[in-house]
Structures are given as C-alpha cells and as structure tokens.
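Colleague: Could you take me through this protein one question at a time, giving the cut-off behind each term as it comes up?

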Amino acid sequence: MDMDHTVAMQRAIALAEKGLGKTAPNPIVGAVIIGAAGTIVGEGFHDRVNSPDHAEVVAIKAAGNKAAGATIVVSLEPCNHTGSTGPCVQAIIDAGITTVVFAVSDPNESAAGGAAALRTAGITVIEGVLQDEAAFSNRAWLMKIKKNRPFFTWKVAATLDGKVAAADGTSKWITNETSRADVQVLRRQADAILVGTNTVITDDPHLIPRGDFAGYGANPIRVVCGEQELPANAQVFDDAAQTLFVKSKDLDLLVEKLNELGVNHVFVEAGPTLGSAMLDGCLLDELIMYQAPTLLGTGKHFFVFDYPTTITDQMRMDHLSTQVLDGDVKSVYRIRNGE
C-alpha cells in the first residue's frame, strides 16, 4: 500500500528535529523519498556538523537509482539557490523525481522559488501538508527570517509561588533530577545559551549540556550579557565551548552580536533581571517553566517589572503544552510580543 503523504511528512518532521542545534544559520529540514512500490527508499536530514548536504540531497544519495520516478516529501520548500551547496531543486530534477510534497514555503528571499522552478521542470508539486506542525518544529529559523533576530526561549525553574531563589539567595536545587535532565536536552538543541553577568558571578555555571550527547558536535555557544566584571576563572571561560561576553545592558547590541554568530535559537537561562528586561522589551518568544511542588513564601520572583502595574497590564501568553516530570510540572508558553 502506498505511504500516505501525511505519514511521510510526520517522518520528515521527526527527521528534521534531529538537526536541532546542528544547522545554524540554516533551517532544520527532513526529507523522505517514497519509491514506486509505495515504501521509503531514502531519507535524511540537514546536519551541518557532519555534512554540508541539505536533507533532500542526503535522501537522494540514500535512495540511489530508486529515486527515479519517486516522490520526495520535505518539511521545507526545496531551495532554489546556490550557497555553500548547489540548489536542491536541481538535485531533485537530476534524480528523476516526479513528485515533490512540502510543508512550509521558504520565506528566505534568496532561496525561495523552488516550487515554481520544479513545476516549470514538469514535476508535480503539492504544498502545505502538515504546514502548522512543520512550522512549529522550525519556528526558531522562521522567526529569525521574519524578525531578523534569533528565537529566544526563556527557561525558568521555580516554586509554585514563582520563586527562583530563597530570601538568603540559595537556589540549588528547586526542581528534580528528571526536570534537570530534560533541560540538558533543550540545551543541546539550542545554538546558544544566554545568561546575565550576575548568574555567572553567583552560580558559576558551566553552561555545557550534561549527559551522553556523543557525536552531536560542538557545544552551544555560551553568551554572557551585562556590565559587571566576571571572575577570570569562571567556568564559562574554559575551552569546552565558545563564549561571547557582551559587556553591555543594550539588548539591541546583544541581538546584533548574536546575529553576527548566525544562531537560530537562543536558550535563555538568565535570572530575573535580564530575563524580565528581555520580556519587557519584546525579545522573548517562548517561556518554558519548570515548577516544583514547593512553596517558599519569601524569596526572589522570576519576573519583575520595575514600574507600577494594574490588572490590565497582564501579559497574556498562549499555552502550548504541559508535562509532568516525576512531580514537577513543565509548561511551555508562546509569548505573543504584541502580535
């Protein structure tokens, strides 16, 4: 029985996500080739750490001569430009593929136009299959193209009453081991990890994903933002990863420096000062909240405005998901940023 395009696209999206943290400045992309018998004959995803090839080319190479007359299902419209590699459109034409199915149109002007070029070559093109799902998966890169800045996810570990530290400043550990292991996966899937200077001075974090990520490639870039002097022996200055110190409170300068690095997704592990400033400045796109089943009463809130507010100043967010992690609750929210 022929494989349904929706099922194949689900596989392509899952493949694309294997490239998280390994494709910047390029998008994550997955591709599945369905042969004449209706079964998968080749698949692949973009992974700049191990190969310059785009997902379509990886899949075509895996399929070999079985690509002729086949259907390729791709999470993003095949590119139509020559960058570090040749255009995927030409590779598809050369392989003899007769049908292309993709989820999301490419918003990048320099690479767009793939669908039109494929149709001109006589190839059947079907677009928009699982578009919302693929766009969410690739939301960091799509946001970067749209807003000319990286996608920022703020991670917060707090008590039920929103405290990230006790009154005496102690903060380790609020959440449990399962939550902390989950954070390591999210760190690994990001291109950069951002903290403020106060976090480095107070906690001396290493900001390196812990756990077994053998073969995943270079660690995320560590970024420290703020005006305070940092200890010369701080762990962020070792050689485990590249570290960028933006010695300023100017968030526009921070964005400029991050854009120079070409990152798609920044995982923000900052405390209340920097995190609140970024949220107030419409720079955060997503909030991931890990809440432990505990109360502190007094202590440091994770978010504070520095001006008086009324109930009408509430910042509404869109709830995306909730997961229970051995008693802790992980919730993900989309931050609207005035949209």
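Predicted model: local features only at pLDDT ≥ 70, side-chain atom pairs only at ≥ 80, totals over all residues.

Modeller: Residues are numbered from 1 along each chain as its sequence is written, and side-chain values use heavy atoms, with hydrogens and water left out.

Colleague: How many helices and strands does the protein have?

Modeller: Helices are DSSP runs of H or I with at least four residues, strands are runs of E with at least two, and both are numbered from the N terminus. Counted in this way, the protein has 10 helices and 15 strands.

Colleague: What radius of gyration does the protein have, and what would a compact globule have?

Modeller: The radius is taken over C-alpha atoms, and the globule rule is 2.2 Å times the number of residues to the power 0.38. The C-alpha trace spans about 70 × 40 × 40 Å along its principal axes. With 339 residues, a compact globule would come out near 20 Å, and this agrees with the protein's value of 22 Å.

Colleague: What share of the residues counts as buried?

Modeller: Buried means under 20% relative accessible area, exposed means over 50%, and partly exposed lies in between, with a 1.4 Å probe and protein chains only. Of the 339 residues, the buried share is 48%.

Colleague: Among contacts between residues at least 6 apart in sequence, what percentage joins residues at least 24 apart?

Modeller: A contact means heavy atoms within 4.5 Å. Among those contacts in the protein, the share joining residues at least 24 apart is 72%.

Colleague: Which residues touch the most other members of the largest nonpolar core?

Modeller: A nonpolar core is a set of buried Ala, Val, Leu, Ile, Met, Phe, Trp, Tyr and Cys residues joined through side-chain atoms within 4.5 Å. The largest one has 38 residues, and those touching the most other members are Met9, Ile33, Ile72, Ile92, Ile97, Val100 and Leu118.

Colleague: Against which elements do the buried residues of α6 pack?

Modeller: In α6, the buried residues are Ala140, Trp141, Leu142, Met143 and Lys144. After this helix comes Asn148, with a positive phi near 55°. The packing partners of the buried residues of α6 are β3, β4, α5, β6 (151–158) and β11 (265–268).

Colleague: Is Thr23 buried or exposed?

Modeller: Thr23 sits in the loop between α1 (5–17) and β1 (30–34). Leaving aside neighbours within four places in sequence, Thr23 is in contact with Ile28, His46, Arg48 and Asn264. Because its relative accessibility is 2%, Thr23 counts as buried.

Colleague: Which two residues does a cis peptide bond join?

Modeller: In general, most peptide bonds are trans. Pro25 is placed in the loop between α1 and β1. With omega about 5°, the cis bond joins Ala24 and Pro25.

Colleague: What is the relative accessibility of Leu207?

Modeller: Leu207 belongs to the loop between α8 (197–203) and β9 (221–225), and its phi is positive, near 60°, in a residue other than glycine. Leu207 counts as buried because its relative accessibility is 2%.

Colleague: Where does Leu130 lie?

Modeller: Leu130 is one of the contacts of Met9, and its phi is a positive value near 55° in a residue other than glycine. At 18% relative accessibility, Leu130 counts as buried. Its place is the loop between β5 (124–127) and α5 (131–137).

Colleague: Which residues does Ala117 touch, not counting those up to four places away in sequence?

Modeller: Ala117 is in helix α4, and at 22% relative accessibility it counts as partly exposed. Its C-alpha atom is separated by 9.9 Å from that of Pro78, 39 residues apart along the chain. With those sequence neighbours set aside, Ala117 touches Asn80 and Val89.
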